[in-house]
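User: I would like to go through the helix packing and the chain contacts here, with the reasoning behind each term. Please start from the structure itself.

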Amino acid sequence: MSIQDVISLLPLFILTAMAVIVMLAIAFWPNRRASFWLTLSSLILALAALVPAASTVPRHVTDLFVVDKFALFYMGLILAGGLVTTALSRGYMDKYAGNRGEYFLLIMVATLGASLLAISSHFISFFLGTGIVSLSLYTLIAYNPSQRQRIEASLKYLILVGAATAILLFGMALIYATFGSMQFEQISIRAVQPDQNSPFLLIGFGLLIAGISFELALVPFHMWTPDVYQGAPAPVTGFIATVAKAGIFALMLRLFSHASLPVGSPLWNEFAAIAILSMLVGNVAAVIQKSVKRLLAYSSIAHLGYLMVPFLAQGQLSPSAIGFYWVVYFITTLLAFGIVAAFSDPVNELDDSEAYRGMFKQHRWPAVMFGLALLSLMGLPPTGGLVGKVYLFAAGVQGSVWLLVAALVVGSVIGFFYYIRVVILMFSAPPSESTSIGPTGKGTSVVLSILTGILIILGLFPTPLIGMIAKIITNIL
Amino acid sequence: MASIPMQYVLILSAMLFSLGLIGLIARRNIFFTLLSIEIMLNAAGLAFVAAGARWAQADGQVMFMFILTMAAAEVSVGLVLLLRLYQQFKTLDVDAAKDLNG
């Protein structure tokens, strides 16, 4: 491994080294603040290390990884998501009586795993990345194990993700058996051989897509999502909904830019069916939810369905549409779950939507922030969600995938119902007794305000970001 | 020594995989659920080894080592969760944990 390789992987090296340091710090100084500040600073350092790494791209580092601008963009997004989650967890975890050093360590390791997925170009690093993320999340979800909901959520996640990983591996094995190589580029090179349509290949890719859809929580592999999102601590739910999915999505983009998906082929149809079902089922099922976290869970299922539209359209606008929507989705989802986390502690979460009634009267600015986050999820101005959705729509139209675009529109319309219901609840008259939960943590409101500000700016002036993304992601799809 | 055709080993690993999947779905005891996950992971590993042997590469067995490592780590966390499940619900029956409906 040359020095250039080390520089291009510098963010990951920093995260790994700091993980070891945080482990030692937890052992020697069981002080509450040390691991939080160490994790925060290591994520900031890793983000800063993207700059020297960007000077060495594009680069193949061993057979397993490829570092290019696309990978660094998604890695930056993932690191930022981990950073925001850490900052939002501080106030939340202040109320936890037990050890909380490990919480921040696990967030850092999970971020490391997701970054690994963004640069992966081989089945082994794919498997390792998902394995690292999943292992960290099993413990993170169960982080207050004296609560029945947490254990149940973590068990459901363990069993289903374990099965999903096994399905993924079996698909990978069949693809390897057909092509003789586990590297993504080799798959595209060898795909011209006569055994193109062998049954092993179709089954292998089908199982691979099923495994990926499990992790991305797409219908019909979504059954774990509402329970796990509801049972996990709110900041961890925000993490699962954003960072864990972004890594796998980036890897999926890279894999299918090499293994081509011609429109109308069986695999494309499989993906299209999954996307349409996600958009429709995700939105319809959210209408009847009373719990805010389950509502947000179903909404994230639907949003991943929306993200599949430009992926399947495979047009010229697709890579930048996907990139822009991921940025907006990250900001919105972290903002939404951050507000839920700001009003929760590890024992009582602000989950019931009735608890949000009249929030505007008591906590003005958080209610406005949550309202803006919901507006963005709906896709209404002045938030970035509007621009993102228009961009997705444009990419879908450019690829002429009419059924998918129709599902996008229908899904968004159905989505209005449940988002607006929460907004109305917040701005309606408060109940006779006031909620005693107040916002926690000094850092939390600053971070949330910054996120809201970025969301509005992206809604009003999206062009700089769109231009930047279009310049960065030019070589995928 | 005649080599076994890859298809036979893949069919064997598919059968093992489906056995594990059925065990995962049908069993109520969390312990057997974790065991079934192990069976599924190892079946996938067997498929990798067979594929590696067909192409005369070491990659299949390297992947199997990674699978074993990851499965071991996962099952260790799974056993901790099993302990916590027993502490909280006083039973190893997975169906006892149904506070989160749906």
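**Helix packing and chain contacts**

Analyst: In this predicted model, helix α14 (residues 292-313) of chain A packs against helix α15 (residues 318-342) of chain A at an angle of about 175°, and their axes are 10 Å apart.

User: Why is α14(A) called roughly antiparallel to α15(A)?

Analyst: Angles over 145 degrees count as roughly antiparallel. The angle is about 175°, so α14(A) is roughly antiparallel to α15(A).

User: Which residues of α14(A) meet α15(A)?

Analyst: On the α14(A) side they include Leu296(A), His303(A), Leu307(A) and Phe311(A). Among their counterparts in α15(A) are Ile322(A), Tyr325(A), Tyr329(A) and Phe337(A). By class, this contact has 13 nonpolar, 4 polar and 1 charged residues.

User: What makes α13(A) roughly antiparallel to α14(A)?

Analyst: Helix α13 (residues 266-287) of chain A and α14(A) cross at roughly 150°, and their axes come within 8 Å. The cut-off is over 145 degrees, which means that α13(A) is roughly antiparallel to α14(A). The crossing is left-handed.

User: What classes of residue make up the contact of α13(A) with α14(A)?

Analyst: There are 16 nonpolar, 5 polar and no charged residues. Trp268(A), Phe271(A) and Met279(A) are among those from α13(A), while α14(A) contributes residues including Tyr298(A), Ile301(A), Leu304(A) and Val309(A).

User: How many residues of chain A are in contact with chain B?

Analyst: 33 residues of chain A are in contact with 35 residues of chain B. On chain A, α7 (123-141), α8 (148-179) and α11 (224-231) each supply at least two residues of the side that touches chain B. The largest share, 18 residues, comes from α8(A). By class, that side has 22 nonpolar, 8 polar and 3 charged residues.

User: Which residues touch the most other members of the largest nonpolar core?

Analyst: They are Ala173(A), Val309(A), Ala44(B) and Ala47(B), in a core of 216 residues. The helix that gives the most to this core is α8(A), with 21 residues.

User: What is Ala44(B) in contact with, leaving aside its neighbours within four places in sequence?

Analyst: In chain A, Ala44(B) is in contact with Ala166(A), Leu169(A), Phe170(A) and Ala173(A). In chain B, the contacts are Phe17(B) and Ile67(B).

User: How do you know that Ala44(B) and Ala173(A) are in contact?

Analyst: The cut-off is applied to C-beta atoms, placed from the backbone, which must lie within 7 Å. Ala173(A) is listed among the contacts of Ala44(B), so the C-beta atoms of this pair lie within 7 Å.

Conventions
Residues numbered from 1 in each chain as written. Chains lettered and ligands numbered in written order. Predicted model: local features only at pLDDT ≥ 70, side-chain atom pairs only at ≥ 80, totals over all residues. Contact = placed C-beta atoms within 7 Å. Helix = DSSP H or I, 4+ residues; strand = E, 2+ residues; numbered from the N terminus. Nonpolar A, V, L, I, M, F, W, Y, C, P; charged D, E, K, R; others polar. Axes fitted to C-alpha atoms, helices over the stretch in contact; angles between N-to-C directions. Parallel < 35°, antiparallel > 145°, perpendicular 65-115°, else oblique. Left-handed = near helix turned anticlockwise from the far one by under 90°. Core = buried A, V, L, I, M, F, W, Y, C linked by C-beta atoms within 7 Å. Buried ≥ 20, exposed ≤ 12 C-beta atoms within 10 Å, placed from the backbone.
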